[in-house]
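Subject: Two-chain model, handover and notes

Hello,

Here is the structure I said I would pass on. My notes on it follow below.

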Amino acid sequence: MSIPPTAPPGSADPRRDPSDPRGARDRGLRLSRRLTRGLLALSTAMVLGFSALAAAAGSGHSTPATAGVVTPNSSTRDDTESGRAAEQTAQDGTTESRLETNDDSTAITTDDSTGSSESSSAAPSTSTQSPSVTSGAS
Amino acid sequence: MSVGIVRWRALGTTAELLVTDPTTLVRARAAVGERLDEIDRACSRFRPDSELTRLSTTAGAGPQPVSPTLLDAVRAALVAAERTDGAVDPTLGRSIAAAGYDRSFERLTDDPRPFVPRPGGDWRGIRVDAAAGTVSLPAGTVLDLGATAKGLAADRAARAAARAIGRGGVLVSLGGDVAVAGAIPAAGWPVGIAADHRDADPPTVVAIHGGGLATSGLTVRRWRRGGRTLHHVLDPRTGEPVPAVWRTVSVAARDCATAETYATAALVWGPGAAGRLDAVGVAARLVADDGDVTVTGGWPADAAPRTPVGRAA
């Protein structure tokens, strides 16, 4: 194991010699690195802050409408869900992607133009949408 | 808006998960699966290794330590019993097993032996000590949380999924018992209403904007015992299957456990159910055995209702 050399007690530290041009260059580099680190930390803090705000807003009620169909093969895969994707257009014009899985489950993505709101009421309303789930005896 | 959907088998029925952001489907699926596994391990009546099975074997032996999941499930069942004056009774396990429903429904076979019913009512003797984490059952009690655990599981799973994905909305359906959490689509979550949750072309569609929706019925889980056709909704006063006044009852409420509670209670209440649901203030749709439809509590009328809206049976 090697031990890095150290300056003897009382000797001058060449890194602190203002007449040393290499020391000045080093100080400049260190200052530059500190500034870079500071800017990076500030940027990270801003990103985290915005992420937290966005998460808080999302966990509330509103969510931006998302267009397009996600490809199940790349975005809906976990240890129990794998298989092949198929895509078809339903009678009501919505696009549906289906993921046939290997554990007796089926993943589907549908695409329509429905937005989101903060409504929360126990009484249901009439609907003309095509339901993806049915409530019935089981 | 894109909607991601995944379906799989869980708790002896079909589990369905919908998310408003398909990119969150995997995380939501994992969260729901975790909650359903917890409920199954704690509350299954058909697993010899479940906590519920073990707890029932200790009936009469004083307070028993249980997991928080089972403690919550027992408490939810007792709340349901209180709210319905005992119409939804978690202590009918012995009677439903005597009727032959002592294994998962797919494994039931016709049994020529006679059915000897046993009334419920023992729920008043159950003691839950939340601080100590214990449950005490009266001697001879066999728990059956089937009327409430599925709704509770849907609620917990939907909330867990919403927390896991952090944004967007979630719908969880367990055999047609539906809970939603997180963001609600502007037009609500469309849910078909049918006698059987497997109906892919339901005759009625409603949109829910929060809470939960559940349907109970007498037409799906039926089997033969002692020369009789039985079903799984028992009258706690007698232990016998309730008479077929209502074919199905659908209820929307602030959560799925509440909806499931009143949907089952209505089948037990029989002819007075619509009035009692109206008094409670939950939105409900009741389909009589002859097909007549009655709605209460703000449930929208069918496109062509066969009876006036709000008619109490």
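In what sense do E6(B) and E7(B) pair, and over how many bridges? This is a predicted model, and in it strand E6 (residues 169-174) of chain B and E7(B) run antiparallel, joined over six bridges. Leu171(B) has Val180(B) of E7(B) opposite it. Two residues lie between the strands of this hairpin, where Gly175(B) has a positive phi near 60°. E7(B), residues 177-182, also pairs with strand E11 (residues 212-217) of chain B, again in the antiparallel sense. Five of the six residues of E7(B) are buried, so the strand is largely enclosed by the rest of the structure.

Confidence

The model has an ipTM of 0.82 and a pTM of 0.72. For chain B the average pLDDT is 92, with 96% of the residues at 70 or above. Residues 305-313 of chain B stay under 50, and the model gives them 20 contacts beyond four places in sequence. Chain A averages 47, and 12% of its residues score at least 70. Within chain A, the element with the lowest mean pLDDT is helix H2 (residues 72-75), at 28, while E5(A) has the highest, at 92. The pLDDT is below 50 over residues 1-19 of chain A, a stretch with four contacts beyond near neighbours in sequence. It is also under 50 over residues 47-121 of chain A, where the model has 154 contacts beyond four places in sequence. Where pLDDT is low, the predicted coordinates should not be read in detail.

Chain A has two helices and six strands, arranged along the sequence as α-α-β-β-β-β-β-β. Of its 138 residues, 22% count as buried. Among the contacts in chain A with a separation of 6 or more, 26% are between residues 24 or more positions apart.

Both chains contribute to an open sheet of four strands, in the order E5(A)-E10(B)-E9(B)-E6(A), and its pairing is mixed. Strands E5 (125-126) and E6 (133-137) of chain A are at the edges with a single partner strand each, so one side of each has no neighbour in the sheet. Strand E9 (residues 189-196) and strand E10 (residues 204-208) of chain B pair antiparallel over five bridges. Gly192(B) has Val205(B) of E10(B) as its bridge partner.

Glu16(B)

Glu16(B) is in strand E2 (residues 13-19) of chain B. Is Glu16(B) buried or exposed? Its relative accessibility is 7%, so Glu16(B) counts as buried. Leaving out residues up to four places away in sequence, Glu16(B) touches residues of both chains: Ser132(A) and Val133(A) from chain A, and Val6(B), Arg7(B), Leu171(B), Val172(B) and Ser173(B) from chain B.

Helices of chain B

Helix H5 of chain B covers residues 149-165. At 1.5 Å a residue its 17 residues should span 24 Å, and the end C-alpha atoms are 24 Å apart, which agrees. Since 14 of the 17 residues of H5(B) are buried, the helix is largely enclosed by the rest of the structure. Gly166(B) follows H5(B) and has a positive phi, near 75°.

Helix H6 (residues 256-269) and helix H7 (residues 273-280) of chain B have axes that come within 8 Å and cross at roughly 145°. Tyr262(B), Ala266(B) and Trp269(B) make the contact from H6(B), and Ala273(B), Arg276(B), Leu277(B) and Val280(B) make it from H7(B). Six of these contact residues are nonpolar, none is polar and one is charged.

A second hairpin in chain B

Strand E15 (residues 283-288) and E16(B) pair in the antiparallel sense over four bridges. Val287(B) is opposite Val293(B) of E16(B). This hairpin has four residues between its strands, and Gly291(B) takes a positive phi near 100°. In a regular strand the side chains alternate between the two faces of the sheet. In strand E16 (residues 293-296) of chain B, Val293(B) and Val295(B) point one way and Thr294(B) and Thr296(B) the other way, and all are buried.

Regards

How values were computed:
Residues numbered from 1 in each chain as written. Chains lettered and ligands numbered in written order. Predicted model: local features only at pLDDT ≥ 70, side-chain atom pairs only at ≥ 80, totals over all residues. Heavy atoms only, no water. Expected span 1.5 Å × (residues − 1). Buried < 20%, exposed > 50% of the residue type's maximum accessible area, 1.4 Å probe, protein only. Axes fitted to C-alpha atoms, helices over the stretch in contact; angles between N-to-C directions. Contact = heavy atoms within 4.5 Å. Nonpolar A, V, L, I, M, F, W, Y, C, P; charged D, E, K, R; others polar. Pairing = 2+ DSSP bridges. pLDDT = per-residue confidence, 0-100.
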